[in-house]
Amino acid sequence: MKILIVGSGNMGRGIATRAIAGKHSVTLHDEDGGKVQALAKELGVSVAADIRDAVSSSDVVIMAAPYEGNVAIARALGPVLGGKIVVEISNPLNDTYSDLVTAPGTSAAETIQAMLPKSAKLVKAFNTTFAGTLVAGQVAGQALDVFIAGDDDAAKATVAEFVAAGGLTPIDVGALHRARQLEAMALLGITLQFRLNTGFGTAWRLVKPTA
Ligand SMILES: NC(=O)c1ccc[n+]([C@@H]2O[C@H](COP(=O)([O-])OP(=O)(O)OC[C@H]3O[C@@H](n4cnc5c(N)ncnc54)[C@H](OP(=O)(O)O)[C@@H]3O)[C@@H](O)[C@H]2O)c1
């Protein structure tokens, strides 16, 4: 699969690392040219020469900027994202990380979906996995669960395949409006890092009964 990651910060690094482990082709883009060049060189992947061309030739586009950045990306790239699988990973935190800035009854993912062409297939994923744990691919020897929400089953299946290839466990949680719970879950996870002093090193895991 051809994966385009827009945003080459902590999560860009983490998701790119898992994509490389899954033998996918990775292209990076960032508004910070120096940062993206350095990360691409370190990971041995390419940098998008032209972002619109890179979107056109990608199977999956991952929005890996802060929420406001993902809104800006949606605004700038909107028309070219038609028909594409777009993964939105943000947690719309306030400045003190004490709450979400989105209104009750909606989510960052739904807000961004509303900005895209109707044919874009928006999938929420990776918002509950901390960046460092994605680089490591595990916590305490256990694979990470990646919760996936979206309204297009085929798009979710493609994202699940991408997630599984990188050694992670995909869990389809249902329609895109489930992003409301995933974003709240991530806020709780962030809150716990400070309460438990776990340094953003934990992971959410669904423990299932044995068959
Ligand atoms: N860090 C985590 O553990 C974690 C876990 C789950 C979800 N998330 C979510 O993942 C997203 C990224 O987090 P992060 O920790 O990777 O942030 P980060 O390290 O700050 O990286 C974000 C990158 O996106 C770039 N960017 C901002 N606006 C952009 C735009 N319009 N176009 C292209 N690039 C843009 C930033 O460039 P500049 O530096 O120039 O602004 C920066 O390089 C956030 O939405 C966050 O809520 C993070």
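Let's start with Val159. Leaving out residues up to four places away in sequence, Val159 touches Val60, Ile85, Val87, Val123, Ala125 and Ile148. Contact here means C-beta atoms, placed from the backbone, within 7 Å.

A word on the model. It is predicted: local features need pLDDT of at least 70, side-chain atom pairs count only at pLDDT 80 or more, and totals for chains, interfaces and linings use all residues. Numbering runs from 1 along each chain as its sequence is written.

Back to the core. Val159 belongs to the largest nonpolar core, which has 59 residues. Ile5, Ile62, Val87 and Val159 touch the most other members. A nonpolar core is a set of buried Ala, Val, Leu, Ile, Met, Phe, Trp, Tyr and Cys residues joined through C-beta atoms within 7 Å. Buried means 20 or more other C-beta atoms within 10 Å of the residue's own. By that count, 43% of the 211 residues are buried.

Overall size next. For 211 residues, a compact globule would have a radius of gyration near 17 Å; this protein has 16 Å, which agrees. That radius is over C-alpha atoms, and the rule is 2.2 Å times the number of residues to the power 0.38. The C-alpha box is roughly 45 × 40 × 35 Å along the principal axes. Of the contacts with a separation of 6 or more, 69% link residues 24 or more positions apart.

Now the fold. We have eight helices and ten strands. These are DSSP runs numbered from the N terminus: helices are H or I, at least four residues, and strands are E, at least two. Eight strands form an open sheet, order 3-2-1-4-5-6-9-10, with mixed pairing. Strand 3 (46-47) and strand 10 (169-174) are the edges, each pairing on one side only. Pairing takes at least two DSSP bridges.

Strands 1 (residues 2-6) and 2 run parallel, joined by five bridges. Val6 sits opposite His29 of strand 2. Four of the five residues in strand 2 (residues 25-29) are buried, so the rest of the structure largely encloses it.

Last, the ligand. Which residues come nearest? Gly7, Gly9, Met11, Gly69 and Ser90, out of 25 around it. Near means a C-beta atom, placed from the backbone, within 6 Å. Helix 1 (10-21) and helix 4 (67-77) each give two or more residues to the shell. Helix 4 gives the largest share, four.

Methods: Buried ≥ 20, exposed ≤ 12 C-beta atoms within 10 Å, placed from the backbone. Contact = placed C-beta atoms within 7 Å.
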